Amino acid sequence: TVNFLLGILIFALVFSYYGFTSTKLGVIAAGTQMAATEAKSGDEITGINGLRVFTDLDILYAGAKISADDPLKISLKSAQTGSEYQVTLNPEYSYY
């Protein structure tokens with residue numbers, strides 16, 4: 001019983017600190033459109049095509065609302081300076 005309660009306590013502490021979702025950029029792959037912008041790992045996505053983003057589910061929702069041919073305008077907040085900026089990504093298609 002004590003192990004079960006300890007597990008619940010540790011789980012609660014970890015998720016209260018880190019949270020369940022994140023809109024922060026992870027590793028940005030070299031050679032991608034995002035790598036060619038000013039975006040850096042750790043910057044936070046705050047909006048996509050004018051829609052405010054709070055969780056990773058909002059990112060999925062915003063992605064579902066855009067056309068495959070429309071540019072993607074991503075609003076970001078710099079982890080280093082705290083300033084907001086926007087990058088535009090254009091759709092690219094690759095055929096195997």
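Reader: Between which two strands does the loop that holds serine 78 lie?
Author: Serine 78 sits in the loop that links strand E3 (72-77) to strand E4 (84-89), where helices (H or I, at least four residues) and strands (E, at least two) are DSSP runs numbered from the N terminus. The model is predicted, so local features need pLDDT of at least 70 and side-chain atom pairs count only at pLDDT 80 or more, whereas totals for chains, interfaces and linings use all residues. Residues are numbered from 1 along each chain as its sequence is written, and side-chain values use heavy atoms, with hydrogens and water left out.

Reader: Is serine 78 buried or exposed, and which residues does serine 78 contact beyond its neighbours in sequence?
Author: Burial is read from relative accessible area (buried under 20%, exposed over 50%, partly exposed in between, with a 1.4 Å probe and protein chains only). Serine 78 has a value of 12% and is therefore buried. Contact means heavy atoms within 4.5 Å, and, once neighbours within four places in sequence are set aside, serine 78 is in contact with Asp43, Ser83 and Tyr85. A polar atom of the serine 78 side chain also lies 3.2 Å from the backbone nitrogen of glutamine 80.

Reader: What is the order of the strands in the open sheet?
Author: Strands of a sheet pair through backbone hydrogen bonds, either parallel or antiparallel. Here four strands form an open sheet in the order E2-E1-E3-E4 with antiparallel pairing, two strands being counted as paired if DSSP finds at least two bridges between them. E2 and E4 are the edge strands, each pairing on one side only.

Reader: Which residues make up the largest nonpolar core?
Author: Such a core is a set of buried Ala, Val, Leu, Ile, Met, Phe, Trp, Tyr and Cys residues joined through side-chain atoms within 4.5 Å. The largest one has twelve residues, namely Leu25, Met34, Ala39, Ile45, Ile48, Val53, Ala62, Ile74, Leu76, Tyr85, Val87 and Leu89. E1, E3 and E4 each supply at least two residues of this core, and E4 gives the most, with three.

Reader: What does isoleucine 45 touch, residues up to four places away in sequence not being counted?
Author: Isoleucine 45, found in strand E1 (residues 44-48), is buried at a relative accessible area of 11%, and on that count touches Thr23, Leu25, Val53, Ile59, Ile74, Ser75 and Leu76. With the same exclusion, alanine 39 touches Leu25, Ile28, Met34, Leu76 and Tyr85.

Reader: Is valine 27 buried or exposed?
Author: Valine 27, in the loop between helix H1 (2-18) and E1, counts as exposed at 83% relative accessibility. The C-alpha atoms of valine 27 and glycine 42 are 8.4 Å apart in space, with 15 residues separating them in sequence.

How values were computed:
A polar contact is a pair of N or O atoms within 3.5 Å; within protein, one must be able to donate a hydrogen and the other to accept it, and residues adjacent in sequence count only if both atoms are side-chain atoms.
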